[in-house]
Amino acid sequence: MTATVQTAAEQFALRRRSPLQRVQQLLHAHPAVSPLVVLVLAFAVFSALNPRFAQPASLSLLLQQVAVIGALAVGQTLIILTAGIDLSVGAVTILAMMVGAKLAEGNGIPGIVAVLVAIGLGVVAGLVNGVLVTRIALPPFIVTLGTLSVFTAIGLLYTSGQSVQAGDIPALLNWTGESFGVGRWRITWGVVIVLLLYLGVGFALANTAWGRHVYAVGDDKEAAHLAGIRVNRVLLSVYLVAGAIYGLTAWILIGRAGAASPNAIVDANLESITAVVIGGTSLFGGRGALLGTLLGALIVGAFRSGLSLAGVDDQWRVLAVGLLVITAVAVDQWIRKVKV
């Protein structure tokens, strides 16, 4: 009887909500809806401006261009879900890439070992960030701002600022840049790895105790602690997993760039955060989904490619993405005020 009365009351409250409140409720329950709408509109507009945008060749290139930032955004999403932020993503990736490539070039180390070294370096970098955040209780913004400079300097000192060409390293390191045909599409193995990464991490977030703990810690650390969740352990695990993802991205980046260069991804930090924010993940933690992050990365890539094909100056793309970020944060603030 009580359940029936409660259900009737909920239905009555739902009917009393305005259309705007229902949209607010929908976006709160499904964070990926808003970036999906933006992506569909972007594809429609850019296809109308230049039909080449929707051709398989252009879309294949779009996926290849988005792969690196999309991979980095997976790790960034994990950290932002815990109400943190990582400004060292690009520096960690470059360090892992350069060390792995240099070892393979100068010491004859097999490609698989170089890949494992790169991933291992990413884990070590994540451990450094995680320990500083959890054990010394420093703010993630300050920690990763500092390690951004530290990891960048180590990478430049180790390599003397020199690039490693594709012909000087084992073929396995370049393998992620090789493509294969799927109908009229050309897909690289790097894109496949990124998609598998989204599926694996997305499954862990949605279907494991660890994933639920990540959301709980980001939503309210004190409440999570009172519920018996070991908050620092969860935070440390998030930084370790993110570091491993950055190390894996280093491999994808070598294949995409065709070389290992210290200047390969200058804007990686901002672009990874942009993809996460546009994708509907809250900067305040506890709400978001990897599907939204993938859509956010595609939106950034679509604006870059679509405006270019439309003959628009690249600075307008920067402006458009900046406005999208501000709008996404404003929408997030509005959604967080929803009355559940």
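Colleague: Leaving aside its neighbours within four places in sequence, which residues is E271 in contact with?

Modeller: E271 is in contact with I69 and R304. Keep in mind that this is a predicted model. E271 itself is found in helix α13, residues 268–278.

Colleague: What makes E271 buried?

Modeller: Its relative accessible area is 18%. Buried means under 20%, so E271 is buried.

Colleague: Why is A137 called exposed?

Modeller: A137 has 59% relative accessibility. Exposed means over 50%, so A137 counts as exposed. A137 lies in the loop between α6 and α7. Its phi is positive, near 60 degrees, in a residue other than glycine.

Colleague: And A83, why is that one called partly exposed?

Modeller: A83 has a relative accessible area of 39%. A83 is not a glycine, yet its phi is positive, near 70 degrees.

Colleague: How do you know that α14 is largely enclosed by the rest of the structure?

Modeller: By counting. Of its 20 residues, 15 are buried, so α14 is largely enclosed.

Colleague: What span is expected for α14, and what does it reach?

Modeller: Helix α14 covers residues 290–309. At 1.5 Å a residue, 28 Å is expected; from first C-alpha to last, α14 reaches 28 Å. After the helix comes G311, with a positive phi near 80 degrees.

Colleague: How do the axes of α9 and α14 meet?

Modeller: They come within 9 Å and cross at roughly 145 degrees. From α9, the contact is made by Y198, V201, G202 and L205; from α14, by L290, T293 and L294. By class, that gives five nonpolar, two polar and no charged residues.

Colleague: Which residues of α7 are buried?

Modeller: P140, V143, T144, T147, F151, G155 and T159. These buried residues pack against α5 (89–106), α6 (111–134) and α12 (231–257). Helix α7 covers residues 140–159 and reaches 28 Å, close to the 28 Å expected. Just after α7, S160 takes a positive phi of about 60 degrees.

Colleague: What makes β2 and β3 a pair?

Modeller: Bridges. Two strands pair if at least two bridges are found between them. Strand β2 (179–182) and strand β3 (185–188) have four, in the antiparallel sense. F180 stands opposite I187 in β3. In this hairpin, two residues sit between the strands, and G183 takes a positive phi near 65 degrees.

Colleague: Now the whole protein. How many helices and strands are there?

Modeller: There are 15 helices and four strands.

Colleague: How do you know that the radius of gyration agrees with a compact globule?

Modeller: With 340 residues, a compact globule would have a radius near 20 Å. The protein has 21 Å, which agrees. Along its principal axes, the C-alpha trace spans about 75 × 55 × 35 Å.

Colleague: How much of the protein is buried?

Modeller: Buried residues make up 47% of the 340.

Colleague: And what share of the contacts joins residues at least 24 apart?

Modeller: Among contacts between residues at least 6 apart in sequence, 76% join residues at least 24 apart.

Conventions. Residues are numbered from 1 along each chain as its sequence is written. This is a predicted model: local features need pLDDT of at least 70, side-chain atom pairs count only at pLDDT 80 or more; totals for chains, interfaces and linings use all residues. Side-chain values use heavy atoms; hydrogens and water are left out. The expected span of a helix is 1.5 Å times one less than its number of residues. Buried means under 20% relative accessible area, exposed over 50%, partly exposed in between (1.4 Å probe, protein chains only). Axes are lines fitted to C-alpha atoms, for helices over the stretch in contact, and angles run from 0 to 180 degrees between N-to-C directions. Contact means heavy atoms within 4.5 Å. Ala, Val, Leu, Ile, Met, Phe, Trp, Tyr, Cys and Pro count as nonpolar, Asp, Glu, Lys and Arg as charged, and the others, Gly among them, as polar. The radius of gyration is taken over C-alpha atoms; the globule rule is 2.2 Å times the number of residues to the power 0.38.
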